[in-house]
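Visitor: Please show me the structure. Then walk me through it, one question at a time.

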Amino acid sequence: MNAKVAVRAERPGDRTAISDVVRRAYAKVVHSDHREHLMIERLRGTEAWIPALSLLAEMSGEIVGHILLTRAEIIQTPSSVATLALAPLSVVPEHQRSGVGKHLVAVACQRASELGFESILLIGIPSYYPQFGFEPLSRYPITLPFDAPDENRMVLPLQQGALDGVAGEVKYARGWLDH
Ligand SMILES: CC(C)(COP(=O)(O)OP(=O)(O)OC[C@H]1O[C@@H](n2cnc3c(N)ncnc32)[C@H](O)[C@@H]1OP(=O)(O)O)[C@@H](O)C(=O)NCCC(=O)NCCS
């Protein structure tokens, strides 16, 4: 990993730069709807938003990557379980494949754990996330409220056994879905 990459929480004034980084990162992604930056805008200011978990990667003062974790819930009886949804993850094209994404995911997982969260869910590239400990969501009786290929559904328990006995459907924050 490039030693000059620093990760920090988003600050007021970073909004436009984040939108730009996200748009550029997803511009050529075939399965993208190119609306990921709008999802961030919708979530910002909702109850799902955790300021410490909107993280930027900076190199020489330039923002080159961003990761967002927002609150979600696994609905079960009698009490629902708090979780986090990871999306989007963005690295600008000219800095991709040099470790920036890895650094962002590792720091985000560490911060989430320090904040007391017990798990992180995502829908993403199946070959990328196992290196951080993400497992197939199909190992757990946890369902999503929309269709996504099994191989893209992943979860990271942040402590051993964090999802033992957890069963239910994920409820994403208002603003997470595009409707
Ligand atoms: C995916 C992404 C976040 C990875 O960040 P990164 O900084 O480029 O990647 P890292 O340097 O941390 O890791 C590199 C490794 O990740 C894997 N990887 C990166 N992008 C990948 C992709 N699109 N598909 C499959 N594997 C990928 C490869 O194994 C790569 O190793 P290699 O260079 O030896 O092939 C970044 O490429 C990106 O922003 N892509 C566009 C947006 C996107 O697809 N976001 C993620 C959606 S789940």
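Guide: Start with L121. Setting aside neighbours within four places in sequence, L121 is in contact (heavy atoms within 4.5 Å) with T83, L84, A85, L86, L137, M154, V155 and V170. This is a predicted model, where local features need pLDDT of at least 70, side-chain atom pairs count only at pLDDT 80 or more, and totals for chains, interfaces and linings use all residues. Residues are numbered from 1 along each chain as its sequence is written, and side-chain values use heavy atoms, with hydrogens and water left out.

Visitor: Which strand holds L121?
Guide: Helices (H or I, at least four residues) and strands (E, at least two) are DSSP runs, numbered from the N terminus. The run that holds L121 covers residues 119-123. That is strand β5.

Visitor: Is L121 buried or exposed?
Guide: Buried means under 20% relative accessible area, exposed over 50%, and partly exposed in between (1.4 Å probe, protein chains only). L121 has 2% relative accessibility, so L121 counts as buried.

Visitor: What separates the C-alpha atoms of L121 and T83?
Guide: Along the chain, L121 and T83 are 38 residues apart. T83 is also one of the contacts of L121. Their C-alpha atoms are separated by 7.4 Å.

Visitor: Which residues touch the most other members of the largest nonpolar core?
Guide: A nonpolar core is a set of buried Ala, Val, Leu, Ile, Met, Phe, Trp, Tyr and Cys residues joined through side-chain atoms within 4.5 Å. The largest one has 61 residues. In soluble globular proteins, nonpolar side chains tend to be buried together. The residues asked for are L86, I120, Y129 and F134.

Visitor: What does F134 touch?
Guide: Residues up to four places away in sequence are not counted here. The partners of F134 are L86, V105, C109, I120, L122, Y129, M154, V155 and L156.

Visitor: Where is S19, and which residues does S19 touch?
Guide: S19 sits in helix α1, residues 15-26. Its relative accessible area is 11%, so S19 is buried. Beyond four places in sequence, S19 touches H37 and E41.

Visitor: How many helices and strands does the protein chain have?
Guide: From the N terminus on, the elements run β-α-α-β-β-β-α-β-β-β-β-β. That comes to three helices and nine strands.

Visitor: What percentage of the residues of the protein chain count as buried?
Guide: The protein chain has 179 residues. L121 is one buried example, and S19 is another. For the protein chain, the value is 50%.
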